[in-house]
Amino acid sequence: MARWLRAGRCRAGQGGAAPTGRALALLLPLWLCAAGGGAAPVYNLSLAVDEGLPAETLVGDIRAGLPPGADPPGGFLLSEGSGESAVLADFHVQPETGIIRTARRLDRERRARYSFAAATLRGEVVQVEIAVTDVNDHPPRFPKDSLQLNISELSPPGTAFRLPAARDPDAGGFGTQGYALVEEGGAAGEPPLFQLRYVRPEPLELVLLRRLDRERADVHRLVVEAWDGGSPRRRGRLRVSVRVLDENDNAPAFSRGEYRARLREDAPPGTAVCRLRATDPDLGANGEVRYAINRRQSDPDGYFAVEERSGVLRLRRPLDREARALHRLVVEARDGGAQPEVSSVLVSVAVLDVNDNRPSIRLLYLTETGGPRVSEGARPGDYVARVSVSDADEGGDEEGAEGDGGGIALALLGGDGAFALRTAGAGVFFLCVAGPLDRESRDLYELRLVATDGGTPPLSAEEPLLLRVADLNDETPAFPQPHYRAAVSEAASPGTAVLRLSASDADEPGSPNAEVRYALEGDAAALALLRIDARSGAVSTRARLDRERQAALELRVVARDGGVPPRAAACRLSVRVEDANDNEPRFERAVYRARMPEHAARGRRLLQVSPTRPRSARPPERPRSVAPPPLSNTAAGSRGRGRWSAVSAYRQSHKRSLSRNTCSVGNEHSSGLQRESSVSSG
């Protein structure tokens, strides 16, 4: 059976196994006397108590291990009789009642399990097992409170550094469950530099996410926090100081991008020209800077020298301005690292002289063609040319404002505000577009560049500049009128000219932008009858026309220039097909039959014959109606010439039609008597 007591758990059970150990040795005589030499029954009792509870906390009752209803007389005899017993030191066991209480606060981490035996006077033995239940009474602890890591600033991202793990004497879920990293002093918004990696059974590692930069921060302070699974959680902290080791990863940096100095040509050797300064943020030898002139790239004749430590540039040889007015030196700064980093700077030394030379102007066109042509599509600010001015005299390589008495001033004359100068540096200007250009309005600009030095008296130089405006396909072909009308006879043969169209393009004559090509668009039936010459714009017939089938042709004429991309315009073309007498009359019937008495009077109508109206819109002129000649008995008897004179006349005027449709009136005479008259076709 099993039952629970306050501050403990009791489980009792009977078994046939004999007790072992010291408890069995002490109780064996008692068992033999009580049982009369028979086997003593042994019962098991398991109890549990939480660690850390105050003294006199009830753990359990030994009687709970006996069978139900068994109440031992005289109490229990314990196997633990010595005062050095761990059981008696940590528990108060009352032999009379079997009640077990704690003697002091228990610590599971010191001892987690106790075992002793209790026997009754009747010989029953209860084997008591007391388990101390763990509680979350210890936080995770690192072996050290703080740790320092030395990491090179050249360590690549992904490098891992092992950290000591936290230890928690608590068991199970109360032990260490995880870690967190807190970076102290990091800039807000910056991604983290480190992260923790911990997956059991792998060790705890600090992983570098980004490259370190000792020059920005030489120390990073981190806090690694470990927590257990208790509620509330207990935490332990490890302070990690990451010291960034210096590497020679920075080249010396000059304080200026370029040094400029001026020196009179009569300066004696040893004169200081300027002082160069370069700094290197690295430490120790990595940050020690030494200076030298690169003789392969500059000053091969050794006019100048630079002091290795101080960076002072001095003159070594006398200068001659007429031989060379400007000296450009490449000075290198090299640090003291094992693999030194090197940087260089340009030093320009102008040799000063009296004002005995006029300025010179040099042009470099920046247009697409490399010549003095600028597209009319250029926008304000676009470069046209690079203008450099120089003067062999003192200060000739410096730009200056007009009238300031120093350097060279460059002025632009002409252009009506379409162009302007923009300063780019010492003696360098850019000629730029300042306003909209339109070749159709003006295709040539006459400009003048005037450079004036600052000498006394000043000298000037002038450079004429003719700029042509290159054409851009910005004009669309234009027809003089939006709608053209023409007429052509339907009897016109293929190739007959109908009319000629012409569209003008205001772009540069002779260029593809002004070359116009023509094309027809519209109904396929109309396109099959008319065509247009792509170059001349002449419209002509392509095939025979038939006004009765199509009396009017409506098309669209498109004019495209040769620009890229082409521009196009269109107009409307209406061609009226005029009628021609190209249709023959036809009889309504192939055979006409009629009867008349032989004694009919003259002038009596026998029958009426009329052809069908042709398809022409204007009907052909009708023949005059002619009455048939009178028929006499004598004429009808022997000659057989009873045909109408009107029919004969109609035949003569329309021979082609009567070749297919023949109209005849025949009189048959027998014995001089007229019996029948007929009109037949064919």
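In which strand does L364 lie? L364 belongs to strand β26, which spans residues 360-365; strands are DSSP runs (E, at least two residues) numbered from the N terminus. The structure is a predicted model, in which local features need pLDDT of at least 70 and side-chain atom pairs count only at pLDDT 80 or more, whereas totals for chains, interfaces and linings use all residues. Residues are numbered from 1 along each chain as its sequence is written, and side-chain values use heavy atoms, with hydrogens and water left out.

L364 is partly exposed because its relative accessibility is 48%, the class between buried (under 20% relative accessible area) and exposed (over 50%), computed with a 1.4 Å probe and protein chains only. Together with L366 and Y383, L364 makes a nonpolar surface patch of about 270 Å². Such a patch consists of residues with over 30% relative accessible area and no salt bridge, their nonpolar side chains (Val, Leu, Ile, Met, Phe, Trp, Tyr) being joined within 5 Å.

The whole structure contains 29 salt bridges, each defined as a side-chain nitrogen of Lys or Arg within 4 Å of a carboxyl oxygen of Asp or Glu. One of them joins R122 to E124 at 3.3 Å, N to O; R122 is partly exposed at 37%, while E124 is buried at 12%. In another, the closest N and O atoms of R197 and E205 are 2.7 Å apart. For R260 and E258 the corresponding distance is 3.7 Å. Salt bridges with shared partners also link D90, R104 and R110 into one network.

Technical notes
Patches are made of residues with over 30% relative accessible area and no salt bridge: like charges are joined within 9 Å, nonpolar side chains (Val, Leu, Ile, Met, Phe, Trp, Tyr) within 5 Å. Accessible areas come from the Shrake-Rupley method with a 1.4 Å probe; for residues, only the protein chains shown count as cover. Helices (H or I, at least four residues) and strands (E, at least two) are DSSP runs, numbered from the N terminus.
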